[in-house]
Amino acid sequence: MILIVGGAGYIGSHLVKELVIQQEIIVLDNLSSGHENLIDERVRFVKGDLGDRETLNQLFSEFPIEAVMHFAANSLVGESVGNPYKYYYNNVSNTLTLLDVMLDHEVKNFIFSSTAATYGIPETSLITEATVTNPINPYGRSKLMIEHILEDFHQAYGLNYIVLRYFNAAGAHASGEIGEKHDPETHLIPIVLEHLLGKRESISVFGTDYDTHDGTCIRDYIHVTDLANAHILSLNALLEEKLQTATYNLGNGKGYSVKEIIDTCEKVTGVEANVVLSDRRPGDPATLVASSEKIYHELGWKAEYDLEDIIESAWTWHNSILVGSSN
Ligand code: UFG
């Protein structure tokens with residue numbers, strides 16, 4: 001049995017939909033940013049906090065949990081700058097409690113959702129796992145702190161772990177049943193699609209003077225189902241004792257600028273956007289593109305979906321929530 005902490009969130013719910021085919025699952029989520037209707041019906045759901053020792057003790061005592069996958073984090077860069085306590089409390093302190101209770105119950109397999117934000121402003125255009133980590137905001141620092149804690153816990157307590165550093169997660173499940181749903185929404189692709197559906201008057205491009213080919217920021221967009229598949233390969237590698245520890249980037253290896261994203265959304269949907277050129281958003285590095293060669297060589301993972309697939313799946317999902325068929 002696998003415990004998925006944060007399984008009602010965007011990425012967690014997509015992992016659950018794939019993993020439930022091969023594993024028994026318990027989802028623990030406090031629904032602070034997750035949604036109960038994203039949770040697959042085949043899993044056991046417990047509403048609770050990852051920092052709640054009593055709830056965790058009960059879960060680990062009652063169920064034969066073999067591994068924990070941890071998606072329950074606050075993940076907005078801008079918010080983390082204004083409210084670092086929230087980020088260090090939830091992302092670091094609560095995760096520490098989860099790890100401590102796991103170890104008390106001798107559960108020693110852990111998959112951790114980390115982020116490209118651990119790299120800060122990289123000096124290279126293609127980021128590998130060996131690129132220096134130098135986060136520039138509390139969100140990135142909170143994730144890197146847990147990465148260091150995991151290294152130490154492996155040495156001291158024999159905790160086995162895989163860290164997955166996501167680049168820009170996007171897209172929706174092929175079933176059309178679940179997709180990206182944040183409140184408030186701050187991510188580029190859902191914002192553009194909401195605009196094209198008439199839910200927003202315009203889209204702002206944050207910064208047009210970056211050192212990139214068209215002056216707008218470049219990111220590596222990765223389909224959420226590709227992320228889910230990387231988690232399953234990682235979990236199996238731990239359970240089959242092929243690996244004790246690893247850190248992997250998860251991206252497509254291809255960067256798209258904000259303008260290119262808007263153009264592709266227009267092309268896929270056939271709707272023209274009303275674009276407003278705006279100032280830079282604080283904390284945005286110009287370019288973040290992943291090399292995911294390491295996980296390809298070690299676990300055979302590579303991204304299957306390209307940018308058009310990502311946008312098409314997200315468009316289907318956004319249309320379905322508009323007509324209320326899914327939610
Ligand atoms: N952008 C706009 N207009 C918008 C929204 C975003 O121009 O309305 C731009 C941003 O400035 C950025 C790009 O689109 O250049 C992508 O922005 P997102 O907010 O979609 O994603 P981020 O790259 O900021 O964030 C993602 C993850 C974070 C992670 C970060 C690592 O969502 O969790 O990558 O840098 F920390």
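Select N249 and show its surroundings: leaving out residues up to four places away in sequence, N249 touches Y119, I127, T128, E129, R165, F167, A290, S291, S292 and I295, where contact means heavy atoms within 4.5 Å. The model you are looking at is predicted, so local features are described only at pLDDT of at least 70 and side-chain atom pairs only at pLDDT 80 or more, while totals for chains, interfaces and linings use all residues. Residues are numbered from 1 along each chain as its sequence is written, and side-chain values use heavy atoms, with hydrogens and water left out.

Stay with N249 for a moment, and colour strand β11 (residues 245–250), in which N249 is found; helices (H or I, at least four residues) and strands (E, at least two) are DSSP runs, numbered from the N terminus. Is N249 buried or exposed? N249 is buried, with a relative accessible area of 0%, because buried means under 20% relative accessible area, exposed means over 50%, and partly exposed lies in between, for a 1.4 Å probe and protein chains only.

F167 is buried, with a relative accessible area of 6%. Leaving aside neighbours within four places in sequence, the residues in contact with F167 include A116, Y119, I127, D220, I222, N249 and L250.

Move on to helix α4 (residues 84–104), which has 21 residues and reaches 29 Å from its first C-alpha to its last, close to the 30 Å expected at 1.5 Å a residue; the expected span is 1.5 Å times one less than the number of residues. Among the buried residues of α4 are Y87, N90, N91, V92 and N94. Which elements do the buried residues of α4 pack against? They pack against β1 (2–5), α2 (53–62), β4 (67–70), α3 (77–82), β5 (109–115) and α5 (138–157).

Within helix α4, select N91, which counts as buried at 3% relative accessibility. The side chain of N91 reaches the backbone oxygen of N74 at 2.9 Å, and, leaving aside neighbours within four places in sequence, N91 is in contact with A73, N74, K86, Y139, S142, K143 and I146.

Show α2 beside α4, and look along the two helices. Two packed helices are described by the angle between their axes and the distance between the axes. The axes of α2 and α4 come within 10 Å and cross at roughly 35°; here axes are lines fitted to C-alpha atoms, for helices over the stretch in contact, and angles run from 0 to 180 degrees between N-to-C directions. The contact is made by R53, L56, N57 and F60 of α2 and by T97, L98, D100, V101, M102 and D104 of α4.

Follow α4 to its end and select E106, which comes after α4 and lies in the loop between α4 and β5. E106 has a positive phi of about 60° although it is not a glycine, and E106 is exposed, with a relative accessible area of 66%. Then go to L31, in the loop between β2 (25–29) and β3 (44–47), where phi is near 60°, a positive value in a residue other than glycine. L31 is partly exposed, with a relative accessible area of 21%.

For a last stop, select D183 and P184, which are joined by a cis peptide bond with omega about 0°. P184 is found in the loop between β7 and α6 (188–196).

Key. Polar contact = N/O pair within 3.5 Å; in protein donor to acceptor, adjacent residues only side chain to side chain.
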